[in-house]
Amino acid sequence: MSGVDARETSWDVRLSVLAGGALGTAGRAALLWGMPPSAGGWPWATFAVNLAGAALLGWLVAGEHWRGERSRAFLTHGLCGALTTFSAFQLEVVSLAEAGHASVAVAYLATSVLLGLLLASAASALRRGFTGRRGARAAPS
Amino acid sequence: MSSAGVVSWFGLIVLGALGALARVEIDRAVSARVKSALPLGILAVNGSGALLAGFATGLALAPWLLAGAGVGLLGGYTTFSTWMTGAQRLAADGRRLLAMVNVLVPVFGGLALTVLGLLVGRGLAGG
C-alpha cells in the first residue's frame, strides 16, 4: 500500500514507524539468529517472516476501524514493513541460483510469492467476514 | 549475551527502524509525485533496496557491516508484506492485469537489480 496520507507526516507518526520498525527488525533478526541460513538450504527464517507479515498485514488493512494514525503506522508501516523484507528475499534467490541450486531458488521464489498472495488474501477475507463487511469482489454492478 | 552481542543487536534494531522510516518517507514522496494505480512508491523502495543489498554483498564487507546494512537498514527499508497486500488489493478490485504486473515486475526487476548490484560491488571490490 502506498497511499501514505498527509496525516502520516507528523512526528508522532514518524516515531510510531520507528518503534514498529524496531520491533519488526528485532523479530526478523531473532528468527535469522535462531534459524541461520545454510548453504543451498531453504531460507526458512526469511520465508517465515515474509509469510507471517503478509498474513498479518492482510488482516490489518482489511479492518476498517483504525484506532488512530499512530497505531496504524506502528503496526503496518513499522511492524509488518520491517518484519518482512524484499532485499534479503531476492538476494537469497540469487545466491541459491548462483551456488547451483537453481531448482531450490525457483521453488523458494514461487512459493514465497504464491503463498504470500494467498495468505494476504485469506487473512483479508477472514477479517472482512468477521467485521461483516461486504467483500470488494461482491460489487460487479 | 556478551556486551558486543548486545551492541550489535541494538545496532541492527536501530538501523531497521531507520530503514522503515526511510521507506515511509520515500514511498510518500514517490506516490505524491507520480500518480499511478500501481504502488510505485513501494516498487521504488524495493527496487532500490534490492540493488543496494546486492551491492553491499558484492563489496564483501566485514560481516558486522554487512549484517548492519543487509539485515538492519535494508531489511527494515524493503518490505514483502506491503508488496503482497498491494497486489491482493488490485486483484480484489478486479484489476487483475495490474495485479499481475505488480507481482511480476518486482520479481524480475528485483532479481535483475540484485544481480546488477552484486556485479558492480564485486567489480569495485576486485578492482
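I began with Arg28(B), which makes a salt bridge to Glu25(B), with 2.7 Å between the closest N and O atoms. My rule for a salt bridge is a side-chain nitrogen of Lys or Arg within 4 Å of a carboxyl oxygen of Asp or Glu. Both Arg28(B) and Glu25(B) sit in helix 1 of chain B, 3 residues apart, about one turn of the helix. Helices here are DSSP runs (H or I, at least four residues), numbered from the N terminus, as are strands (E, at least two).

A note on what I am looking at: this is a predicted model, where local features need pLDDT of at least 70 and side-chain atom pairs count only at pLDDT 80 or more, while totals for chains, interfaces and linings use all residues. Residues are numbered from 1 along each chain as its sequence is written, chains are lettered from A and ligands numbered from 1 in the order in which they are written, and side-chain values use heavy atoms, with hydrogens and water left out.

**Salt bridges, continued**

Which residue of chain A forms a salt bridge with Glu25(B)? I found Arg14(A), with the closest N and O atoms 2.4 Å apart. Arg14(A) is in helix 1 of chain A and Glu25(B) in helix 1 of chain B, so this pair joins two chains. Through shared partners, Arg14(A), Glu25(B) and Arg28(B) form one network of salt bridges.

I then looked up how covered these residues are. Buried means under 20% relative accessible area, exposed over 50%, and partly exposed in between (1.4 Å probe, protein chains only). Arg14(A) counts as buried because its relative accessibility is 13%. Glu25(B), at 21%, counts as partly exposed, and Arg28(B) is partly exposed too, at 24%.

Another pair is Glu98(A) with Arg122(B), whose closest N and O atoms are 2.7 Å apart. Glu98(A) lies in helix 4 of chain A and Arg122(B) in helix 5 of chain B, so this pair also joins two chains. Arg122(B) is partly exposed at 37%.

**Largest pocket**

Next I checked the open spaces. On a 1 Å grid over the protein atoms alone, a pocket is an open set of points with protein on both sides within 12 Å along at least five of seven lines, a cavity is a set where a 1.4 Å probe fits but cannot get out, and lining residues have an atom within 4 Å of a point. Grid points are joined across faces, edges and corners, and a volume is the space filled by probe spheres set on the points.

The largest pocket has a volume of about 1000 Å³. Of its 39 lining residues, Leu32(A), Leu66(B), Ala67(B), Gly70(B) and Val71(B) are the closest to its centre. Helix 3 of chain B supplies the largest share of the lining, 10 residues.

**Largest cavity**

How many cavities of 30 Å³ or more does the whole structure hold? My search gave 2, and the largest has a volume of about 40 Å³. Its lining residues include Pro39(B), Trp83(B) and Asn102(B).

**Nonpolar patch**

Last, I noted that Phe10(B), Val14(B), Leu18(B) and Leu73(B) make a nonpolar surface patch of about 360 Å². Helix 1 (residues 3-33) of chain B gives the most to this patch, with 3 residues. Leu18(B) is in that helix and counts as partly exposed at 43%. Patch residues have over 30% relative accessible area and no salt bridge; like charges are joined within 9 Å, and nonpolar side chains (Val, Leu, Ile, Met, Phe, Trp, Tyr) within 5 Å. Accessible areas come from the Shrake-Rupley method with a 1.4 Å probe; for residues, only the protein chains shown count as cover.
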